Amino acid sequence: MMSSARRKTAMLIGLLAAVGFCALSSAARPSKKSKKPVAGQATQEEIRALREIVAAQQEQIDIMRGAMQRLIDAVQGPHSPAPTIQAPGIASQARSSVTRTGEVATGTQSGWNGEHFFLQSSDGSFRLEPLGYVQLDYRSYRGSGIPPDTLAIRRGRFGFQGNLGKNYQITLLADFADRNRTLVREFAFNVNFLEALQFKFGQFKEPFSQEGLWSAVYMDFVERAPVNNLVPAYSPGFQIHGDFLRGAIQYQAGAFNGKSFLNLNDTSTPEGVFRLRFYPWRNGSNTWIKGLGFGGAFTDGLTQNGTSFVGSMPTRTFTFFKAEPVNGGVLRANGELVWVKGPASIRAEYVQTNQDRTGLGPSKTSLPGVVGKSYYVTATYLLTGEDRPENGQPVPRHAFLSKDGHGAGAWELKFRYSKLRMDDRTLRSGADQISTGVNWYPTPFVRYMIDFNVERLRNPVASPASLLPQTFLSVLHRVQFRF
């Protein structure tokens, strides 16, 4: 039920509107005494009559405006916002709702930007984009001592990214499919007043590996190369980063706990990371070398009575080097290269890690450290001619089952060779992997992948499972949906 004051206000506004309409109508109606105009000529009397009509209209408008404001001030207070009347509009991809307070305008807009849904303020300073993806795998294996064939949801991630003002960005990503790790995968807050000097806080990937920093939703293969065994994962930390010369030089430097997801530091010594990346010809005119980039990274950390990296195939076919007790310094270094032109891409990376085993020998002596070395070379080519983004998904020229009925999506061939060796001076073990397959992109948001992997164990393994040198075959299928 409306209050008495509100009812009176509504009635008075309606009455004033009716009186005003009648007054305007009568003022606009020509006088019967007006003379019939001569065609093509306006008389002085007609001009005078028109001026009188305009003056009468303006007088009525001023009277109504003053009366309405006095009524509003009496009911709601002298500083209440003036009411607005919104005319119905036509639905479109982006809708907006705007209100006004004095002279300051606020509102929201929503829609689709080609990659994500969004909700933002009318000036774009505050923006929210939901995002996520699901990866459904089928894996089959051949060899001695292999895991069973299986279906699995490899990743089921959901979150959002957005702006909290023009110079602040936020990202939150949770994983609902990984039972062995924390739900919160990434939470980061970035301060961006200058492109060359930005600050990032939270839990995110340490800036070390080219492939490690590549989003899982855009990877060329179902699983990353074995080099990923030696790469640090997500960790709480702080980072300074930026780029110069329109992206020709990029850098990242930070300090992290270095203990993986949400874990506290147990050494009082942060893990320092520095990465430098060059694209010397990015802003040039030579299309053959515009997409050439190279660089490297270095980390220096400390582990207290921890365990080493594990030597295993990312396909989970077999493990050939179990985790060893480690204590002391942890050093990593890498070199990386990428070249992208049109539908083709080539990537390469080398990573080496050294983990000390201080005081773990007899009578607290030190043992030789655990050393891991790995590299990969990857090549891809889009048969349907689309451009290959460096870190992104190709957009099919003709989506599958499109309106014209002739779309086949985008088709991509891929090849990778990778190798991983682990050494603790007592046991030297290694394996390599040859991978090939096809990626099909029926739409920009759906992908089917099939990988054929030939994996070769070079040395006998007694633990964690007894395996002799042999060749394994794994076939990995993946259907991915993203938004």
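Author: In the protein chain, 59% of the contacts with a separation of 6 or more are between residues 24 or more positions apart; a contact here means heavy atoms within 4.5 Å. This is a predicted model, in which local features need pLDDT of at least 70, side-chain atom pairs count only at pLDDT 80 or more, and totals for chains, interfaces and linings use all residues. Residues are numbered from 1 along each chain as its sequence is written, and side-chain values use heavy atoms, with hydrogens and water left out.

The protein chain has three helices and 21 strands. Both are DSSP runs numbered from the N terminus: helices are H or I with at least four residues, strands are E with at least two. Of the 483 residues, 38% are buried; buried means under 20% relative accessible area, exposed over 50%, and partly exposed in between, with a 1.4 Å probe and protein chains only.

Now the core. A nonpolar core is a set of buried Ala, Val, Leu, Ile, Met, Phe, Trp, Tyr and Cys residues joined through side-chain atoms within 4.5 Å. The largest one has 22 residues, and those with the most contacts inside it are Leu230, Phe318, Phe320, Met422 and Leu457. Strands S14 (319-321), S17 (367-382) and S18 (410-423) each give two or more residues to this core. In soluble globular proteins, nonpolar side chains tend to be buried together.

Leaving aside neighbours within four places in sequence, Leu457 is in contact with Phe318, Phe320, Gly430, Ala431, Leu467, Leu468, Pro469, Gln470 and Phe472.

S17 and S18 run antiparallel and are joined by twelve bridges; two strands pair if DSSP finds at least two bridges between them. Val371 has Asp423 in S18 as its bridge partner. S17 is also joined to strand S16 (residues 344-357), by 13 bridges, and these two run antiparallel. Across that pairing, Glu349 stands opposite Tyr376 in S17.

Gln203 lies in strand S8 (residues 197-205) and is buried, with a relative accessible area of 3%. A polar atom of the Gln203 side chain lies 3.1 Å from the backbone oxygen of Arg185.

How values were computed: Polar contact = N/O pair within 3.5 Å; in protein donor to acceptor, adjacent residues only side chain to side chain.
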